[in-house]
Structure formats: structure tokens, C-alpha cells
Amino acid sequence: MSENIYVVNHPLVAHNLTVLRDKNSDTEKFNQALKRISYALFFEGTKFLPTVEKQVSTPICDTKSPVINPEIEIIVSPILRAGLVFSDVAQELLPFCHIHHLGMYRNEETLEPIWYYNKMKGKLKDPLKTFVFILDPMLATGNSGYDAVHNFIKQQIPEENMIFISLISAPEGIEKLTKAYPKLKIITSKIDEKLNDKGYIVPGLGDAGDRIFNTVY
Ligand code: URA
């Protein structure tokens, strides 16, 4: 496996993932469990952010202590709609980030993404000093992830500054992204067995968007 895949192995993550897999977990339980895992994924994903030393005075003495380098810009990019579920935690942990929504839905026959939203207001200060977190709870075929990364590469942001945050990943999606973007970092809580013929992750948790937003009537 590529050295840029980081699986967050932790008993609390595993426990909450079981809640998510259980088809009897209702929306409230589902979203609570997902939020708990989101913190673990974000702490893992943000470990790549550069820091600089800052002079501070504690009640005891003066010292130097690290802060996130103020010269970088951070874009958090949820792939709509399921990626939105990570946005609150992302904004809480990275209050200075820019949120850039990427609207894509998948053609259920071809499993290819169809874009419907991608608006960037303004310009990046320096693409080389920009870090991007792409959010999608289910890394399945990798088709939408592929497009999302490509979108930022077109803006001259280095591949190694991009971090893909997913809850569950399929081997097929990981292979697609790592082949195309070997320097992309992928953070996930579990790599599942495979995709089924409808492009769903097995065993997975079903349709993440439907379960997050309670859209199964
Ligand atoms: N999207 C989902 O919501 N679930 C899957 O299993 C695959 C893609």
C-alpha cells in the first residue's frame, strides 16, 4: 500500500464505525457517531500542516511554541452532498480556512461524476502555500475524488499539499487516486473489501448522504 494512505486505527473510531454500519442506527445516532470519527480523521489529516515558532509568555517565563504557519492558506472542500458532514468539524478546528464546495453527483449508470457547482470567489494568495482538504465520507470508485483533486491541480496547488479525508474507502477508489496522484495523502478510518456492481462499498454503510440527511422515506 502507498505510504500516503493513513488508516486511523483507534478503538473509539472502530466502535463508532460499527454504529455507522448498523442499518438500525437512526439519523441522530448516525450523525453523532460520524462527528466523533470526524475529529480523529481531522487530527490525523492536519498533522501535515506546517508550523512556525511563536514567542509567548507563560505565567512562568518566555518561551517559543509552534503555531500553524500564518502564511499558508487552507481550503476545505466538501464534495456535495455527503462531504458536508465533515464541514462543521473542519471549521471548528481550522477557523481560518476557506470552504470551497464542490457540487457533483454521480450518474448511476456510468458511475461518473456530473459537476453542478464549483465557484471560487477571489484568487489564492500563493498556490504553492495553499493546503487543500477534500472531504468525502465514501471513497468508492474514486471518480469524484479524481475530479476534485484535478480541479485544484489546475490551480497550481501542489499534489503533496492535498489531503483527502474519507470515512470508508474501497480498494478500487484508493487505487484510482494513488495511481493518478501518488503524492496525495488519503486519510480514512477503514479500507473495506470491495465495491458491488452498483458502486456501493461492501460492507460499507449504504448511501452516506441518505443516512446523514435522512432522505430515505
Ligand atoms: N457513496 C455512498 O454513499 N456509499 C457507498 O457505498 C458508495 C458511494
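So, a polar contact here is a pair of N or O atoms within 3.5 Å; within protein, one must be able to donate a hydrogen and the other to accept it, and residues adjacent in sequence count only if both atoms are side-chain atoms. Quick housekeeping: this is a predicted model, where local features need pLDDT of at least 70, side-chain atom pairs count only at pLDDT 80 or more, and totals for chains, interfaces and linings use all residues. Residues are numbered from 1 along each chain as its sequence is written, and side-chain values use heavy atoms, leaving out hydrogens and water.

Ala208 puts a polar backbone atom 2.7 Å from an oxygen of the ligand. On its own the ligand exposes 230 Å², and the protein buries 87% of that (Shrake-Rupley, 1.4 Å probe).

Who else is around it? The surrounding residues, each with a heavy atom within 4 Å, include Arg106, Met138, Tyr200 and Asp207. The whole shell splits into 5 nonpolar, 2 polar and 2 charged residues, with Ala, Val, Leu, Ile, Met, Phe, Trp, Tyr, Cys and Pro counted as nonpolar, Asp, Glu, Lys and Arg as charged, and the others, Gly among them, as polar.

Last bit, cysteines. With a disulfide taken as two cysteine sulfur atoms within 2.5 Å, the count is 0.

That's me done, thanks.
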